[in-house]
Amino acid sequence: QVQLVESGGGFVQSGGSLRLSCAASGSIFSLAAMGWYRQAPGKQREVVAAITTSGSTNYADSVKGRFTISRDNTKNTLYLQMNSLKPEDTAVYYCNTNPHRLAWGQGTQVTVSS
């Protein structure tokens, strides 16, 4: 059973940066397209960034140009570099396959103050 552990969230001011990490147990990581998702209070979970096994990336319009997704298959780790953060980026961030097939991890809280 693959487990996902997200980390790197925190409290930042508008315009700040954070780097999220997602450690995946098991060998499936290198074989799967992965994504970062977020869920804000009262809203549905949405995918914000995705990366294929070959490294091609795609982003939601709301984060394009500010967020960068990357992966290190040797470490079974997914990353999300978030720059120019805005209050509307406040959410719990999760990683999963894209589309999601695994049990959700605990997520990591990102809070951006105005």
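Colleague: How many disulfides does the structure hold?

Modeller: A disulfide is a pair of cysteine sulfur atoms within 2.5 Å. The structure holds one, and it joins Cys22 to Cys95 with an S to S distance of 1.8 Å. This is a predicted model, in which local features need pLDDT of at least 70 and side-chain atom pairs count only at pLDDT 80 or more, while totals for chains, interfaces and linings use all residues. Residues are numbered from 1 along each chain as its sequence is written, and side-chain values use heavy atoms, with hydrogens and water left out.

Colleague: What is the handedness of the link of Cys22 and Cys95, and which parts of the chain does the pair join?

Modeller: The link of Cys22 and Cys95 is right-handed, with 50 degrees about the S-S bond. The pair links distant parts of the chain, 73 residues apart: Cys22 belongs to strand 3 (residues 18–24) and Cys95 to strand 9 (residues 91–97). Strands (E, at least two residues) and helices (H or I, at least four) are DSSP runs, numbered from the N terminus.

Colleague: Are Cys22 and Cys95 buried or exposed?

Modeller: Buried means under 20% relative accessible area, exposed over 50%, and partly exposed in between, with a 1.4 Å probe and protein chains only. Cys22 is buried, and Cys95 is buried too. Of the 114 residues of the chain, 44% count as buried.

Colleague: What is the secondary structure of the chain?

Modeller: The chain has zero helices and ten strands. Read from the N terminus, the elements run β-β-β-β-β-β-β-β-β-β.

Colleague: What share of the contacts in the chain joins residues at least 24 apart?

Modeller: Contact means heavy atoms within 4.5 Å. Among contacts between residues at least 6 apart in sequence, 54% join residues at least 24 apart.

Colleague: Where does Arg66 lie, and which residues does Arg66 touch?

Modeller: Arg66 lies in the loop between strand 6 (57–59) and strand 7 (67–72). Arg66 is buried, with a relative accessible area of 10%. Not counting residues up to four places away in sequence, Arg66 touches Gln81, Met82, Asn83, Ser84, Leu85, Lys86 and Asp89. The C-alpha atoms of Arg66 and Leu102, 36 residues apart along the chain, are separated by 27 Å.

Colleague: Where is Thr53 found, and which residues does Thr53 touch?

Modeller: Thr53 is found in the loop between strand 5 (46–51) and strand 6. Thr53 is partly exposed, with a relative accessible area of 41%. Leaving aside residues up to four places away in sequence, Thr53 touches Ser30, Leu31, Ala32, Ala33, Arg71 and Asn73.

Colleague: What is the place of Ser113, and which residues does Ser113 touch?

Modeller: Ser113 is in strand 10 and is buried, with a relative accessible area of 18%. Beyond residues up to four places away in sequence, Ser113 touches Phe11, Val12, Gln13, Ser14 and Pro87. Ser113 and Ser30 are 83 residues apart along the chain, and their C-alpha atoms are separated by 35 Å.

Colleague: Which backbone angles deserve attention?

Modeller: The peptide bond from Asn98 to Pro99 is cis, with omega near 0 degrees; Pro99 lies in the loop between strand 9 and strand 10 (108–113). Asn76 is not a glycine, although its phi is positive at about 50 degrees; Asn76 lies in the loop between strand 7 and strand 8 (77–82). Ser84, not a glycine, also has a positive phi of about 50 degrees. Ser84 is in the loop between strand 8 and strand 9 and is partly exposed, with a relative accessible area of 40%.

Colleague: How much space lies in the largest pocket, and which residues are closest to its centre?

Modeller: On a 1 Å grid over the protein atoms alone, a pocket is an open set of points where a 1.4 Å probe fits, with protein on both sides within 12 Å along at least five of seven lines; lining residues have an atom within 4 Å of a point. Grid points are joined across faces, edges and corners, and a volume is the space filled by probe spheres set on the points. The largest pocket holds about 170 Å³ of space. Of the 14 residues that line the largest pocket, Arg38, Ala40, Lys43, Glu46 and Glu88 are the closest to its centre.

Colleague: How do the residues of that lining divide?

Modeller: Ala, Val, Leu, Ile, Met, Phe, Trp, Tyr, Cys and Pro count as nonpolar, Asp, Glu, Lys and Arg as charged, and the others, Gly among them, as polar. The lining of the largest pocket has three nonpolar, four polar and seven charged residues.
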